[in-house]
Each structure stands twice: as structure tokens, then as C-alpha cells.
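I opened my notebook to record what I looked up in this structure, one topic at a time.

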Amino acid sequence: RAEPPAPPHNGGGAAAHPDTSISRIASNVYSEAGSEKKLDTVGTSLMLCGAIKICDIGHSYADVHVHVRWSELLEEELYKQGDLEMSLGLPLSYLMDRSKAGVTKSQVGFFDFVVRPLAMAWASCFPECGNVLLSRLEANLQHWQTLSRSESCTRTESNNNFSRTESGGPAR
């Protein structure tokens with residue numbers, strides 16, 4: 001029995017062009033009339049790779065409080081990895097430097113460039129479950145956007161305080 005061909009590798013895991021596997025075959029899963037089509041071996045392999053990617057970032061589709069906790073735990077795990085890299089004299093990997101913004105500060109971009117495109121491609125293949133994913137990811141994205149705006153306002157307010165003179169008036 002011949003082995004099925006391996007799915008094309010996109011060279012970077014879930015974060016590199018996350019929707020390519022699924023979106024490439026999404027149009028082949030359902031016809032224009034909505035009737036199901038049978039997937040070939042390559043299509044099946046690609047769909048399974050997409051399922052793994054969806055599961056890998058599954059906390060993004062959880063209820064907000066669960067997703068936030070997972071994100072915080074991930075951030076701490078990455079910081080600990082960075083601590084180890086630093087102790088070994090290695091250069092710190094991306095998102096692993098405690099002195100810089102971590103995972104919880106980059107969630108809006110992660111959702112815009114990884115989570116949403118992947119979920120939209122998945123929803124086009126599986127509308128019944130895809131719609132649940134999309135509604136939950138939007139709630140989580142809204143949480144991060146609100147938090148980001150709040151932190152931005154706090155930074156702006158803090159910066160304005162630095163531009164005041166000793167007499168309390170605005171700097172000129």
C-alpha cells in the first residue's frame with residue numbers, strides 16, 4: 001500500500017502563514033451549491049494539519065478568562081526559557097526577555113495575523129464549528145484591544161506628567 005504524500009511544509013509552524021494549508025483546499029471541500037466533495041489524500045492530510053494548528057492555539061477560542069490565564073502562563077513559560085538562555089550566555093529568543101513586552105502585550109497582532117486568518121479558513125470548511133471559534137476569538141480579541149487601549153492611555157498620561165515643569169505647569 002502506498003503512503004500518502006506528505007503535506008507541503010510552510011517552513012515555520014503555526015505562526016508562518018497559518019491559513020495556507022486550510023485555505024488552499026477550503027474551496028475544494030464544499031462546492032458552490034454547498035454539497036460536500038470527497039477530499040483526496042493530499043487534501044485530507046492538509047485538513048488534518050489544519051486541525052493540529054487549530055488545536056495548538058485552542059486557548060484563543062476558549063472563554064475569555066480561560067484564554068487570558070493560558071496567555072499569562074505561556075508568557076511566564078517563555079520568560080523562564082529566556083532566564084535559562086540568559087544564564088547560559090545565549091542570545092534571548094523572541095518574547096522571552098523579561099525586560100521587553102511579552103506574549104500578553106502582543107496578542108492583538110497574534111490574533112490579527114495568526115488566529116483570525118486560521119479560524120476564518122477553518123470556518124469556511126466547517127461552518128458549524130467555525131462560527132463558534134470566530135465568535136469566541138472576537139471576544140478574546142476585544143479583551144486584548146481594550147487592554148491595549150487602556151495601557152496606551154496610561155502611557156500617554158504618564159508621558160504628559162513628565163513634560164510638566166517643576167512649577168506644575170505645562171513644559172514649553
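I began with the chain as a whole: of its 172 residues, 29% count as buried, where buried means under 20% relative accessible area, exposed means over 50%, and partly exposed lies in between (1.4 Å probe, protein chains only). I noted that this is a predicted model, in which local features need pLDDT of at least 70 and side-chain atom pairs count only at pLDDT 80 or more, while totals for chains, interfaces and linings use all residues. Residues are numbered from 1 along each chain as its sequence is written, and side-chain values use heavy atoms, with hydrogens and water left out.

Next I looked up the elements, and found five helices and zero strands, where helices (H or I, at least four residues) and strands (E, at least two) are DSSP runs numbered from the N terminus.

Then I turned to helix H4, which covers residues 107-125 and spans 25 Å from its first C-alpha to its last, close to the 27 Å expected (1.5 Å times one less than its number of residues). I saw that H4 bends by about 35° at Val115, with Pro117 following within four residues; the bend is the angle between axes fitted to the seven residues ending there and the seven starting there. Among the buried residues of H4 are Phe111, Val115 and Trp122.

Which residues does Ser60 contact, leaving aside its neighbours within four places in sequence? I placed Ser60 in the loop between helix H2 (41-56) and helix H3 (64-87), and it counts as buried because its relative accessibility is 0%. Its contacts (heavy atoms within 4.5 Å) are His67, Phe110, Phe111, Val115, Arg136, Leu137 and Asn140.

For aromatic rings I used this rule: rings of Phe, Tyr and Trp (its six-membered ring) pair if their centres lie within 6.5 Å, and planes under 30 degrees apart count as stacked, over 60 as edge-to-face and the rest as tilted. The count comes to two aromatic pairs. The rings of Phe110 and Phe111 have centres 6.3 Å apart and planes at 85°, so this pair is edge-to-face. The rings of Trp122 and Phe126 have centres 4.7 Å apart and planes at 45°, so that pair is tilted. Trp122 is buried at 9% relative accessible area, whereas Phe126 is partly exposed at 26%.

Last, I checked the cysteines and found zero disulfides, a disulfide being a pair of cysteine sulfur atoms within 2.5 Å. For Cys129, the nearest cysteine sulfur is that of Cys125, 9.5 Å away.
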